[in-house]
Amino acid sequence: MNLWQAFKMAFKSISMKKTRSFLTMLGIIIGVASVVIMVSVVQGQNRQTMEMFEKLGDNKITVQAYGYYDTNNETSQKLYDYCLTMSDLVEGITPDVEINETATVQYGAKTIRINDWNNGNYDWQTAMHIKLGSDQYGVCNNYTLAGGREMSYLDVEKTNAVCVLGAGAKEALFDFTDPVGEYITINGQPFKVVGYYEAVDLEGWNELDNIIVLPYTFNRSMNNNYNIDSYVVKAKSAQATVEAMPKLDAFLNGLFPMNADGNRDNGSFYVNSNNSSAEQVQSQSNMQSLVLGAIAGISLLVGGIGIMNIMLVTVTERTREIGIRKAIGAERKSIIAQFLIEAAMICSIGGLIGIAIGYVGTMVAGKLLLSTTTDVLLPSPIITLGAFLFSVALGVIFGMYPAVKASGLQPVVALRAE
C-alpha cells in the first residue's frame, strides 16, 4: 500500500464517523485556538508598549537629583556642566519641571486655565501643562519641530520671554494658523511663540502634546523657586546609554555621598533609563507568552490523549480488517503508517480549524483588549505554524501506541475477532 492509498483510507475512515471525528478533534481545535489567541494578544500588547517607548524616545536617561540645601539650583548647573564633558556620549540635557501654580494663558479671546484644581472637571490628559526646560528640551524628549525654532541657549541664559508650543496647545490657542511670532500671555506676562512641535499622537498620552515650554530660568518667578530636581539626559545611542548611566551615578554619588550610617546628608538622587524599562517589559512579555502558551498547550496535550483513546477504539473496531491485511502479506510498517497517517490527519484538520478560530479570536480580542482603533491584530505566522506543527506532532506521538498495537496483532487472533 502506497502513501496515497493510506491517505485515502484515513480520510474515508474519518468521514464515515464525522461526529466522533469532530469530537476527537475538539481538544486539538481548542488547544490550537487558545495558543494562537493568547500568545498573539500578549505579543500585540508588547508591540504596542514598545511603540509607546519609541514615541517617548529611545536612549533617554531620567535623573532625579535633589540637594537639601540647594537654594540656587546649583545641582542643575553642575549636572549640566558634567554632561558637557560627556559630549561623546550625551546629546543633550534638560530640566523637566512642571509649573504647579495656577496660571492663566490667553491669546486673543481664548483663555486656558493651568492647574485649576478647583475645577471639578479637571482632567490630567486634556489639561494644559507649562513645562520648564533648556534649549535641548525637544531633543531630549523626542519632540520634532513642525515650525519655527527651539529655544536658544541665550533665551535660557537671559530668561527671554519666549515659548515653544506642543501640538495640542497650538491647536487650542491658534487652531490652524501659524503661531510663530505671535504673543501669548501667561498670568498677564507676554511670551513670544518661537516654535511649535509635531503631534506625538500617542493614544492615552494627550498630555505630551498639551504643553507650553518656557526657559527653566523662569522657575524663580513663575514656580515659586521650587527646587529643580527632575532632568532628562539624551544619550547618543543604546550603547552610549549603557556607558553614561554609571558615570552619572558616580558623579551624583560624589555630590551626595553616603555617611557612615549609610544615609545621604545633603541630598538624594536616582538614575534610570527608558531602555531598561523597555527591556524589562520585553522580558516580562516573553515570560508571559511562555506561561500562557504552556497553559494553552495543556489543552493540546489533553486533545492528544483523546486522539490516542479514539485510535485505540479504532484498532479494536478494525481488528478483522487488520487480520485480513496481515494474512495477505501486509507488513507491520504499512499498518503503522496507516494508523499514524489517520491520527496525523485528524490533528491536521483540527489544527487548521483551530488556526481559523484563532485568527478570528485574535482580531476580536485585539479590538476588545488592546487600545487600538486602526491596526488589526493578527497572529504571527511563526506562532501559527508552530501551533499547527505541534498539533500534527501530537497526532503522531499519541497515535504511535495504537499503531504499534495494531501492527503487532497476530493474523489468526485478529481474524477470530467479532
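The protein chain has an average pLDDT (the predictor's confidence in each residue, from 0 to 100) of 80, and 83% of the residues score at least 70. Confidence is highest in strand β8 (residues 162–165), at 96, and lowest in helix α13 (residues 411–416), at a mean of 56. The model is predicted: local features need pLDDT of at least 70, side-chain atom pairs count only at pLDDT 80 or more, and totals for chains, interfaces and linings use all residues. Residues are numbered from 1 along each chain as its sequence is written, and side-chain values use heavy atoms, with hydrogens and water left out. Helices (H or I, at least four residues) and strands (E, at least two) are DSSP runs, numbered from the N terminus.

Four strands form an open sheet in the order β2-β12-β1-β13, with antiparallel pairing; two strands pair if DSSP finds at least two bridges between them. β2 (90–95) and β13 (267–273) are the edge strands, each with a single partner, so one side of each lacks a neighbour in the sheet. The twist averages 15° from one strand to the next. β2 and strand β12 (residues 230–235) run antiparallel and are joined by five bridges. Valine 90 lies opposite alanine 235 in β12. Helix α8 (residues 238–255) packs on the sheet and touches β1 (60–67), β12 and β13. Contact means heavy atoms within 4.5 Å. The direction of α8 makes about 175° with that of β13. Axes are lines fitted to C-alpha atoms, for helices over the stretch in contact, and angles run from 0 to 180 degrees between N-to-C directions.

Valine 360 belongs to helix α11 (residues 332–369).
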